[in-house]
Amino acid sequence: SVSSELISTDKNIGYIRLKSFNENSDTQLFKLIKGFEKKDKPEGYIIDVRNNPGGLLTQAITITDFFLDDGEIVSTKGRKISETRKFFARSGDGINGKPIIVLINNGSASASEILAGALKDHKRAIILGENTYGKGSVQSIIPLKNGGGMRLTISKYYLPSGKSISDVGVTPDIYLEETGENFKINTKEDNQLNYAVKLFNS
């Protein structure tokens with residue numbers, strides 16, 4: 001679920017693409033970053049969560065925590081007290097405050113929005129691209145007697161600023177639409193990634 005490469009010879013930028021938040025996404029990501037830090041010493045990182053539909057909440061929290069020194073990451077609020085929780089970052093920033101640009105689009109949902117929203121609220125990263133999907137609901141599957149199941153929304157995600165992700169999503173700091181018929185992520189035609197690299201080099 002995680003791929004990486006070193007881009008831009010000027011500044012050595014670590015490009016990390018997170019395709020989903022699976023059970024071992026955090027392990028993969030930490031390993032790649034530690035490799036970069038040891039060998040290439042990049043000046044900053046571009047984290048690409050475009051078209052990332054989300055995944056596990058625990059993964060969103062551990063990955064966001066890696067880039068934050070402290071503060072709230074996300075909270076859930078529901079009807080029951082047991083469904084109302086807050087999650088905080090532990091001390092220690094895995095890349096020691098190096099600059100981050102996060103790339104988002106309308107296909108970035110759920111866990112992707114938690115990552116982008118928390119890093120934006122703590123002013124830890126510049127968020128670039130298009131508005132995210134707005135999937136801010138926590139769902140539980142209730143089993144039915146006939147062997148089926150019913151998915152029920154039990155609570156909603158809230159960003160550190162107190163804003164709900166539901167229906168509104170995360171707004172980028174720099175709004176930039178995908179342009180051109182040949183647009184493809186991480187190619188020469190990727191105008192959003194090209195802009196992020198320019199931003200680092202300026």
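Start with the largest nonpolar core, which has 38 residues. Select Leu-18, Leu-29, Phe-67 and Val-102, the residues with the most contacts inside this core. Now colour by element. Strand 2, helix 1, strand 3, helix 2, strand 4 (72-78), strand 6 (100-104) and helix 3 (111-121) each give two or more residues to the core. Helix 3 gives the most, with six residues. A second, separate core has 14 residues, including Ile-13, Ile-101, Leu-103 and Ala-196. Keep in mind that this is a predicted model. As background, nonpolar side chains tend to be buried together in soluble globular proteins.

**Zoom out: the whole chain**

Show the cartoon. The protein chain has four helices and 10 strands. Their order along the sequence is β-β-α-β-α-β-β-β-α-β-β-β-β-α. The radius of gyration is 17 Å, close to the 17 Å that the globule rule gives for 202 residues, so the chain is as compact as a globular protein of that length. Draw a box along the principal axes: the C-alpha atoms fill roughly 60 × 45 × 30 Å.

Switch to a surface. The chain exposes about 10,600 Å², and carbon and sulfur atoms supply 50% of that area. Buried residues make up 47% of the 202 residues. Among contacts with a separation of 6 or more, 70% join residues 24 or more positions apart.

**Helix 1**

Select residues 25-39. At 1.5 Å a residue, the 15 residues of helix 1 should span 21 Å, and the end C-alpha atoms are 21 Å apart, which agrees. Next, pick out Ser-25, Asp-26, Leu-29, Phe-30, Ile-33 and Phe-36, the buried residues of helix 1. They cover an arc of only 125 degrees around the axis, which puts them on the same side of the helix.

Beyond its neighbours within four places in sequence, Leu-29 is in contact with Val-2, Ile-16, Leu-18, Ile-63 and Phe-67.

Which exposed residues does it carry? Thr-27, Lys-31, Lys-34, Lys-38 and Lys-39 are found there. Step just past the helix to Lys-41, which takes a positive phi of about 45 degrees.

Select Glu-43, in the loop between helix 1 and strand 3. Glu-43 has a relative accessible area of 44%, so it is partly exposed. Glu-43 and Lys-98 are 55 residues apart in sequence, yet 6.5 Å apart in space.

Move to Asn-51, in the loop between strand 3 and helix 2. Its phi is near 60 degrees, a positive value in a residue other than glycine. Is Asn-51 buried, partly exposed or exposed? At 46% relative accessibility, Asn-51 counts as partly exposed.

Continue to Ile-61, in helix 2. Buried means under 20% relative accessible area. At 13% relative accessibility, Ile-61 therefore counts as buried. Show its surroundings. Leaving out residues up to four places away in sequence, Ile-61 touches Ile-73, Val-74 and Phe-87. Draw one more distance, from Ile-61 to Glu-72. These two are 11 residues apart along the chain, and their C-alpha atoms are separated by 9.9 Å.

**Helix 3 and the way out**

Select helix 3 (111-121). Nine of its 11 residues are buried, so helix 3 is largely enclosed by the rest of the structure. The buried residues are Ala-111, Ser-112, Glu-113, Ile-114, Leu-115, Ala-116, Gly-117, Ala-118 and Leu-119.

Finish at Lys-123, in the loop between helix 3 and strand 7 (126-129). Its phi is near 55 degrees, positive in a residue other than glycine. Lys-123 has a relative accessible area of 75%, so it is exposed.

Conventions. Residues numbered from 1 in each chain as written. Predicted model: local features only at pLDDT ≥ 70, side-chain atom pairs only at ≥ 80, totals over all residues. Heavy atoms only, no water. Expected span 1.5 Å × (residues − 1). Buried < 20%, exposed > 50% of the residue type's maximum accessible area, 1.4 Å probe, protein only. Arc of directions from axis to C-beta. Core = buried A, V, L, I, M, F, W, Y, C linked by side-chain atoms within 4.5 Å. Contact = heavy atoms within 4.5 Å. Rg over C-alpha atoms; globule rule 2.2 N^0.38 Å. Areas by Shrake-Rupley, 256 points an atom, 1.4 Å probe, with all protein chains shown as cover.
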